[in-house]
Amino acid sequence: MKKMIAAMVLAAVAGAASASERPSVTLPDSVPRPEMRTFTLDNGLEVTILPFGDVPKVSVFLAIDTGNLDEKPSEVWLADLAGKLLEQGTTELDAAALARTAAEWGGEINIGVGADTLSVGGTALSDRAGDFVGLVAKIVETPRLPESELPRLKADLLRQLAVARSEPQQIATAKLRSLLYPGQTYGRYFPTEAMLKGYTIEQVKAYLATYVHAGRAHLYVAGKLDATAVEQAAREAFGDWRGGKPVRARAARPRTARAIHFVERTGAVQSTLRLALPVVTPDHPDYVPLQVTNHLLGGYFSSRVTSNIREQKGYTYSPNSQLAARQGAVYWVQNADVTTNVTGEAIKEIEKEIARLRAEAPSAKELDDVKANIVGTFLIGQSTRQGRIAYRRMIDLHGLPKDFDLVAEAQKVTPEMVKAMAGKYLDPRRMTMVVVGDGKQVQSQLKGIARVIQSKPVP
Amino acid sequence: MSHTRSLIAVLVAAGLGCGGGQAAAPPPEAPPPPTAEPPAAAAPAPAPAPPPAPPGALQIPVEYHKLDNGLRVVLSPRADMPTAVVAVYYHIGFRIEPKDRTGFAHLFEHMMFQGSKNLGKMEFIKLIQSNGGLMNGSTRFDFTNYFQVVPAGALELVLWAEADRMGSLAVNADNLKNQQGVVSNEVRVNVLNRPYGGFPWLDMPQLANSNWFNAHNFYGDLKDLEAATLEDVKTFFETYYQPSNAVVVVTGGIDSRQTLEWVKKHFGPLPSKPRPTLPDVSEPPQTAEKRHTKNDPLAPRPALAFSYHVPPRRTPEHAAMTVLMEILADGKDSALHRALVLEKGITDEVATAINELGNPWNYEGPMLMTTWLFHDPSSKPDDILAIVDAEIARLVEQPVDAATLERARTKLRSGFYDTVEALNGFGRADLLAALALFDDDPSRINHIEAEIAAVTPELVQATAKKWLARTNRSVLVVEPGKGAP
């Protein structure tokens, strides 16, 4: 690429390009409300049924308000071990029989354990929707929990831990969480090996008994289905499940202070960046305006940060910013993996974009583009089973009004509000930054940006 | 704590930060095996008449047209959708790139977002995103695709924009330099700076195949990427990016008459040359097991992958191979999950795929079925392979029982539905495009269920015997680095 004149335009036109005028666009000004059936069983289980689509499949998702957030400091990933044990079958069906049964219905049981949600679910053919709901119920109501499988499952978790700790993105996120939420459940990302090895079946059983019950659970079923039949199946399958008190996570107590926490990864050809600030939770009136602000700054491809450090500078492939939301705890973060020799420059450019947004409101056009993208993305998300479930789960997890309408809320945001949100929440004087990279090449680039704290990986 | 494995294959994609880029599945490709099969290349041997559709099979509307300039057009309206999907596929994948320009097909894909006659840099993307759409592009073995999911009211604009860049590419040296930087960073983040980078999706084709077109580094050597010139970009565009070498698919909430008019209006005037001649990508039959050990200094644990060349598409044996994959290795009810996870505790997950960068139906040339897993140093590759061989022996020695076959077919059908729905409805557009591009027959999408249903126990056994032979296998061993914890 050395030999050509920089500004030379290559017009590889294979003839006359389409001469027609740019067509106009009609976008919907509101989004139709999808069909939905909701009800609550006597034991507290909430159920949401979302009929949708032409493909004969359903998604079933039992979300339970627990996960790593209910682990004690000495019990990190105990919830993960509990999730793995739930996969080992029910009193009626061992693990192999459980897998065979689900497969005969065109499905598979998946158990997920996250910071604020433990989920049991999967997909199945539509004509087995009711059966599959019944199978999910059996897994949480009468799990087999074989102690004999504990050594194998711990070995699996130890392997996953080793792999996770070798990935630069996970090293960076683990460090960031420990800084934002010191001494708190969301700040604990990895267990120690000794911790994992020590867990007993009694601990797992105690965890499940305390936190996995109907009072904390919400069943979602979406897809091509007969809502009445699915309702009946859900009532029958879950009617006798043990109830309990619903619980919402207490708000986290985040900390933040301007500094770069540097984690050594000798020889790394990229630096993994996290620039972060704690922000308000989704039930706060500033949240949607902040979401719009994030979208404009770094949240989609046409955003300012991506345009800058990817499309102008070529420093990185997949930068993105987001509001990382967990129940009771949200932080804004800009992520990027950048070529090692431009680590300092990339941070400076990101900070420049933040400063610009704090100083000057965006144009109405730029904001309109962002809003259109949010509306369109929402619409597209609603065209999938998983997207419909995810949106309802977001509303329920964060305790938003049942009729919460992201599209309508986003439309209310003005350019001045965006500037105000950046001013209020994206304060560089408080920003926690993490850099995982090759110190020999990177340290000198960080001088003058912020105080650099040499930091060890989270154990 | 999201420690879920991020070890899934990464799609060679423009990575535009939207729903399109994340690859789903597994591995690479391969060719006809140890017998005198016809080459699996261009037009596979005449396919037998499709078996009748099973009752309740999904019927997807397919309207197929050809414009005078050779552009193939597939429309599939769907009444209940407020969105439309536009997919433009070019018959140029990363198998077929210049020998001193590895990675060029993918680099070129990035250039298609850098500007055309009426849309400057960033404008195409902004146009789609500011109208509420998602878009991405990706490069695969046999095609390069560009697609958008948009509110239906933006459809004509998208067709206009895609026609603009099919007809004209307007990029400069700065754009090229910029995207060389972006792609180099893509290779770093997905391969060089992470454990298990390129395992097995990038490594395995290089081991299992012997024809350079199938066996080179598709992501590209960084030196080759750096060496690309604007002249290369121009030549590539003129050779492969023209109506006769492309398919346009529109699905979703569309009026097909109106849509066809718009397609004709915007794409119709584009001139076209005859389709480019494609090189011979066939693979010679493999006659002995291959094995390679890769030392990965960033990997903390060993890993193992093994691949078999699969029968050519559009044959009953190919359908049987998809069934075999379900029985042997796909999902928690599979034989290998039972043996390696539940019984021996060697790994927590066995992953498998025919066409790791897609699905068993959306490719053209030689292909592999690849299976892979991560394990502890206490398990040795040969011991794991002995367990695999014992499970395969059962499939070779006797016909599969009726219940196992039925379960495998049900899983395949269910998985096929997921494929059709994937990525916000883009999945059906993808299959329609591939079947039009490679077979000139998009309506085949409605025969796939029947092909699966027609697989018999005898065919499963015969296919296992021939295609799951050790002589048809390649084994890739990943040894963890010395410094690993």
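Predicted model: local features only at pLDDT ≥ 70, side-chain atom pairs only at ≥ 80, totals over all residues.
Colleague: If a salt bridge is a side-chain nitrogen of Lys or Arg within 4 Å of a carboxyl oxygen of Asp or Glu, how many salt bridges does the rule find across the interface of chain A and chain B?

Modeller: Residues are numbered from 1 along each chain as its sequence is written, chains are lettered from A in the order in which they are written, and side-chain values use heavy atoms, leaving out hydrogens and water. Between the side chains of Glu87(A) and Lys332(B) there is a salt bridge, with N to O at 3.5 Å. Across the interface of chain A and chain B, the number of salt bridges that the rule finds is nine.

Colleague: Which helix gives the largest share of the side of chain A that touches chain B?

Modeller: Helices here are DSSP runs (H or I, at least four residues), numbered from the N terminus. The largest share of that side of chain A, 10 residues, comes from residues 150–165, which form helix H4 of chain A.

Colleague: How much area do chain A and chain B bury between them?

Modeller: Contact, meaning heavy atoms within 4.5 Å, takes in 102 residues from chain A and 105 residues from chain B. Buried area is the accessible area (1.4 Å probe) that two parts lose on being put together, summed over both. With 57% of it on carbon and sulfur atoms, the area that chain A and chain B bury is about 8,300 Å².

Colleague: What ipTM does the predictor give the complex?

Modeller: Chain B averages a pLDDT of 88, and 89% of its residues score at least 70, although pLDDT stays under 50 over residues 17–46 of chain B. For the complex, the predictor gives a pTM of 0.91 and an ipTM of 0.90.

Key
Helix = DSSP H or I, 4+ residues; strand = E, 2+ residues; numbered from the N terminus. pLDDT = per-residue confidence, 0-100.
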